[in-house]
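Subject: Structure handover

Hello,

Here is the structure I promised you. Please open it first, then read my notes alongside it.

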Amino acid sequence: MQTIKNIAVLTSGGDAPGMNAAVRAVVRAGIYNGLNVYGVYKGYEGLLNGDLEQLQLRSVGDIIQRGGTILQTARSPEFNTEAGLKKAMSMAKVFNIDALVVIGGDGSFRGAKDLAELGMNCVGIPGTIDNDIGSTDYTIGYDTAMNTVLDSIDKIRDTSYSHERCSVLEVMGRNAGWIAVNCGIAGGAEAIILPEEEFNIDEDIILPIVQGRNRGKKHYLVIVAEGIGGAVDIAKYIEEKTQIVTRATILGYIQRGGTPTVCDRVMGSRMGAHAVNCLLEGKKNRIVALRDNKLVDIDLFEALSMSKTMDKELINLSKILAM
Ligand code: F6P
């Protein structure tokens with residue numbers, strides 16, 4: 001039941017490794033199924049400015065291994081106004097766009113909802129390193145970001161051991177602690193501080209470090225999620241209280257770049273193709289999601305009301321293993 005002919009794809013919000021795989025899949029699955037596929041540059045800002053062009057099979061060659069997004073991305077204050085939204089809708093009309101595939105996070109999906117309310121058929125693909133979207137168990141870019149963080153942890157561990165130091169590492173994730181908790185476990189952190197959990201600096205950081213030292217530990221790692229922040233102050237406090245030389249490292253944008261892992265390339269490819277299938281099946285306003293290890297799609301409006309709760313088992317495990 002194919003009622004559409006022209007679709008467009010954009011990436012929005014913070015970029016994430018694997019977005020290119022998703023763009024590539026939308027373009028190639030679209031063309032394979034007889035659709036014309038347009039690439040919109042710089043997210044919603046590009047849409048309202050008419051910055052789009054038709055993509056061919058070769059337009060997305062040689063991109064699956066690249067981090068970032070070839071379509072670029074932007075935060076658009078104008079799109080968040082009534083006039084900006086209308087401008088975006090009329091520009092979509094100029095190009096005869098029947099449906100829009102939006103690759104991004106929660107903020108990007110809210111933009112898709114605004115367009116959907118004006119009549120545009122939108123399908124969202126979750127792409128953010130934060131893994132903080134309620135409707136899906138996985139977001140494109142999360143695995144690559146975690147592997148980047150882990151690589152840094154392993155390097156910091158080498159020098160921490162040599163100098164018998166403590167390191168406080170601040171990792172991204174906006175208001176969610178998914179990157180922090182998993183990398184903390186994988187990197188053998190003494191303490192992991194998350195936005196989802198109350199913490200007491202003396203009990204949750206100083207005590208495990210001192211106890212570890214008494215058992216013969218030679219180096220210490222504290223992971224602080226971005227949603228808590230203050231890595232530099234935490235490091236100063238640790239040094240003051242324990243006399244262990246402590247350094248803070250804020251990883252920042254290193255976590256958003258880099259070559260995507262197998263997981264993100266395959267997930268991006270699967271989610272991109274799934275989004276096209278939704279449109280070919282005549283579905284309207286969907287979010288592609290991974291739930292219980294299955295690729296599904298759910299109503300866009302419903303998806304936006306879903307929230308994600310932190311996995312308490314992971315937190316408990318991290319505490320047991322930190323001994
Ligand atoms: O959502 C991805 C992310 O990197 C978050 O982890 C971080 O809080 C935010 O984007 C940073 O955004 P910006 O690109 O505006 O600095």
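One definition before we start: a residue counts as buried under 20% relative accessible area, as exposed over 50%, and as partly exposed in between. Lysine 113 has a relative accessible area of 24%, so lysine 113 is partly exposed. Keep in mind that this is a predicted model.

**The sheet**

Start with the open sheet of 7 strands. The strand order is β3-β2-β1-β4-β5-β10-β11, and the pairing is mixed. Its edge strands are β3 (52-55) and β11 (294-299), and each of these pairs on one side only. From one strand to the next, the twist averages 30°.

Strands of a sheet pair through backbone hydrogen bonds, either parallel or antiparallel. You can find both senses here. β4 and β5 run parallel and share 6 bridges. There, isoleucine 103 stands opposite isoleucine 125 in β5. β10 (residues 286-291) and β11 pair in the antiparallel sense, over 6 bridges. Look for valine 288, which stands opposite aspartate 297 in β11.

Now look at β5 itself. How many of its residues are buried? The count is 6 of 6, and β5 is mostly covered. In a regular strand the side chains alternate between the two faces of the sheet. On one side of β5, the buried residues are Asn121, Val123 and Ile125.

Helix α9 (residues 262-280) lies across β1, β4, β5, β10 and β11. Its direction makes an angle of about 165° with β5.

Next, go to the loop between β5 and α5 (142-163), where you will find aspartate 130. Is aspartate 130 buried or exposed? Its relative accessible area is 8%, so aspartate 130 is buried. Leaving out residues up to four places away in sequence, aspartate 130 touches Thr139, Met172, Gly173, Arg174, Ala176 and Trp178.

Asparagine 131 sits in the loop between β5 and α5 too. At 3% relative accessibility, asparagine 131 counts as buried. Its phi is near 50°, a positive value in a residue other than glycine. Most residues other than glycine have a negative phi.

Aspartate 62 also has a positive phi, near 65°. You will find aspartate 62 in the loop between β3 and α3 (82-94). Its relative accessibility is 60%, so aspartate 62 counts as exposed.

**Helix α6**

Helix α6 covers residues 178-186. Its buried residues are Trp178, Ile179, Ala180, Val181, Cys183 and Gly184. They pack against α5, β6 (166-171), β7, β8 (220-225) and α11. Just after α6 comes glycine 188, with a positive phi of about 65°.

**Salt bridges**

How many salt bridges does a search of the whole structure find? It finds 12. Here are some of them.

Lysine 113 and aspartate 114 meet through their side chains, at 3.9 Å from N to O. Aspartate 114 has a relative accessible area of 23%, so aspartate 114 is partly exposed.

Glutamate 197 forms a salt bridge with lysine 319, with the closest N and O atoms 3.1 Å apart. This pair links distant parts of the chain, 122 residues apart. Glutamate 197 is in the loop between β7 (191-193) and α7 (201-214), while lysine 319 is in helix α11. Both ends are partly exposed: glutamate 197 has a relative accessible area of 25%, and lysine 319 has 44%.

The side chains of glutamate 281 and lysine 283 also meet in a salt bridge, at 3.5 Å from N to O. Glutamate 281 is partly exposed at 46%, and lysine 283 is partly exposed at 28%. Glu281 and Lys283 belong to a network of salt bridges with Arg286 and Asp297.

**A surface patch**

Last, turn to helix α11 (residues 312-321), which holds leucine 317. Leu317, Ile320 and Leu321 make a nonpolar surface patch of about 300 Å². Leucine 317 has a relative accessible area of 36%, so leucine 317 is partly exposed.

Best wishes

Technical notes
Residues numbered from 1 in each chain as written. Predicted model: local features only at pLDDT ≥ 70, side-chain atom pairs only at ≥ 80, totals over all residues. Heavy atoms only, no water. Patch = residues over 30% accessible without salt bridge, like charges linked within 9 Å, V, L, I, M, F, W, Y side chains within 5 Å. Areas by Shrake-Rupley, 256 points an atom, 1.4 Å probe, with all protein chains shown as cover. Salt bridge = Lys/Arg side-chain N within 4 Å of Asp/Glu carboxyl O. Helix = DSSP H or I, 4+ residues; strand = E, 2+ residues; numbered from the N terminus. Buried < 20%, exposed > 50% of the residue type's maximum accessible area, 1.4 Å probe, protein only. Pairing = 2+ DSSP bridges. Axes fitted to C-alpha atoms, helices over the stretch in contact; angles between N-to-C directions. Contact = heavy atoms within 4.5 Å.
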